[in-house]
Amino acid sequence: MKSSTQAIPEHHSIPRHIAVIMDGNGRWAKKRFLPRVMGHKKGLDALENLCAECSAAGVQYLTVFAFSTENWRRPPDEVGFLMGLFLQALHKQVQRMHEHNMRLKVIGDRSRFNAEINAGIEAAERLTAANSGLTLTIAADYGGRWDILQAANKLLAAGKTHIGESDLNAELMLGDAPEPDLFIRTGGEMRISNFLLWQMAYAELYFTDTLWPDFDKKAFQAAIASFQKRERRFGRTSEQLPQEQQRN
């Protein structure tokens, strides 16, 4: 895939690829006087619902930030629960994804996951590899800077002395997918937090105060409506866009 700085990507009224930071699980639980872990469980339901909405709308790729390299700094009990929830989802929900023709991928540094989680990831990816519907990519123990560094190190190890955009892009964790058209962050924070730093060069950014467990069909439609109002110029002028449309 060429990057958006090398060629003007295809763009349509429905994003081909959506990237999401699912923020606000802990605050959702705290507002209800519940343990933080209950927010994470509810957030898993929200992700399942978003997959259904994306499939129905015609979105082809959905990439979500489930666990960053920095999230290991959280309390050990919470990290342990998140790992257990991840494993539970791999066992219980992947079969349902497979039945709906969805493909699952996991990106990130898997070296710190235990053998059971790694086996579950590999089994889920194998089961859904040939599916042609929505591709759900879960970024786990992932960081944008780590992604760029691991790609560069692969090229250096292969003997590359000059690295171009296409070379690096091919070695990134999402090298086989188009760049995200739309980035959504829930929970009111307005930052990218080391997520897909290379790939989001021209993504449209959408921030909402809605906490992730409350991100429902209406919230999804609001994000799409905002995207459809954006003028995606990719370095061109506004005047060039109607001319291009006339040629098409």
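A residue counts as buried when its relative accessible area is under 20%. In this predicted model, Arg 185 has a relative accessible area of 5% and is therefore buried. Arg 185 belongs to strand β5, which spans residues 182-185. The side chain of Arg 185 makes a polar contact of 2.6 Å with the side chain of Ser 193.

The largest pocket was examined next. About 1100 Å³ of space lies within the largest pocket. Its lining comprises 45 residues, and those closest to the centre are Met 22, Asn 25, Phe 65, Ala 66 and Trp 212. By class, the lining holds 24 nonpolar, 11 polar and 10 charged residues. Several helices and strands take part. At least two lining residues come from each of α1 (25-31), α2 (36-57), β2 (61-68), α3 (76-92), α4 (94-99) and β4 (135-142). Helix α2 gives the most, with nine residues.

Aromatic side chains were then considered. The structure holds nine aromatic pairs. One of them joins Phe 67 and Trp 72. The two rings are edge-to-face, with 5.0 Å between centres and 80° between planes. The partners of this pair fall into separate accessibility classes. Phe 67 has a relative accessibility of 3%, so Phe 67 counts as buried. Trp 72 has a relative accessibility of 25%, so Trp 72 counts as partly exposed.

A further pair is formed by Trp 212 and Phe 215. Here the rings are stacked, 5.5 Å apart centre to centre, with 20° between the planes. Planes under 30 degrees apart count as stacked. Trp 212 is buried, because its relative accessibility is 0%. Phe 215 is also buried, with a relative accessible area of 4%. Trp 212 is also one of the residues closest to the centre of the largest pocket.

Beyond these pairs, Phe 65, Tyr 142, Trp 146 and Phe 195 form one aromatic cluster. Phe 65 links this cluster to the pocket: Phe 65 is a cluster member and is among the residues closest to the pocket centre.

Notes
Residues numbered from 1 in each chain as written. Predicted model: local features only at pLDDT ≥ 70, side-chain atom pairs only at ≥ 80, totals over all residues. Heavy atoms only, no water. 1 Å grid on protein atoms, 1.4 Å probe; cavity = no way out; pocket = protein on both sides within 12 Å on 5 of 7 lines; lining within 4 Å. Points joined across faces, edges and corners; volume = space filled by probe spheres on them. Helix = DSSP H or I, 4+ residues; strand = E, 2+ residues; numbered from the N terminus. Nonpolar A, V, L, I, M, F, W, Y, C, P; charged D, E, K, R; others polar. Phe/Tyr/Trp six-rings, centres within 6.5 Å; stacked < 30°, edge-to-face > 60°. Buried < 20%, exposed > 50% of the residue type's maximum accessible area, 1.4 Å probe, protein only. Polar contact = N/O pair within 3.5 Å; in protein donor to acceptor, adjacent residues only side chain to side chain.
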